[in-house]
Amino acid sequence: MEMKNKEFLEGLLNALSPSGMEKEATKVWDSYMSEFTDKYYTDRIGNSAYSLGSGEKVILVSAHIDEICMGVQNIKDDGTLNIINLAGVDRKCLPGAQVVI
């Protein structure tokens, strides 16, 4: 993998982007994509779109940039945590799962 692409991927993966707060990751993505496109569009809620050329055929790249996210709601006296689902967490996967805080 070229160093430039590796740096982009590392930057994107390390950018914070919980649902509703994706600006950091979007900034990394927009910077990278601006090198490959002619036009850039964004809307009021932060969706980005790019175009290149003006031919008959069109390619669409569509993806989510937000990440799954939980929040600590309460720390109990015994040190255990009450967590809440903020975005994209499947509750069936949680029992017994390790969580990085």
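Visitor: What makes strands β3 and β4 a pair?
Guide: Two strands pair if DSSP finds at least two bridges between them. Here six bridges join β3 (residues 69-75) to β4 (residues 81-87), and the strands run antiparallel, so they count as paired. The strands themselves are DSSP runs (E, at least two residues; helices are H or I, at least four), numbered from the N terminus.

Visitor: What should I keep in mind about the model itself?
Guide: It's predicted: local features need pLDDT of at least 70 and side-chain atom pairs count only at pLDDT 80 or more, while totals for chains, interfaces and linings use all residues. Residues are numbered from 1 along each chain as its sequence is written, and side-chain values use heavy atoms, with hydrogens and water left out.

Visitor: Why is the pair of F8 and Y32 called stacked?
Guide: Rings of Phe, Tyr and Trp (its six-membered ring) pair if their centres lie within 6.5 Å; planes under 30 degrees apart count as stacked, over 60 as edge-to-face and the rest as tilted. The centres of F8 and Y32 are 3.7 Å apart and the planes sit at 10°, so stacked it is. F8 is in helix α1 (residues 3-14) and Y32 in helix α2 (residues 23-33), so the pair ties together parts 24 residues apart in sequence. Both residues are buried (under 20% relative accessible area; exposed is over 50%, partly exposed in between, with a 1.4 Å probe and protein chains only).

Visitor: And what makes Y40 and Y50 tilted?
Guide: Their centres are 5.4 Å apart, with 35° between the planes, so the pair falls into the remaining class. Y40 belongs to strand β1 (residues 39-42) and Y50 to strand β2 (residues 48-51), ten residues apart. At a relative accessible area of 41%, Y40 is partly exposed.

Visitor: How do you know that E35 and K4 form a salt bridge?
Guide: The rule asks for a side-chain nitrogen of Lys or Arg within 4 Å of a carboxyl oxygen of Asp or Glu. For E35 and K4, N to O comes to 2.3 Å, so the pair passes. The count by this rule is one salt bridge. E35 is partly exposed at 46% relative accessibility, and K4 likewise at 43%.
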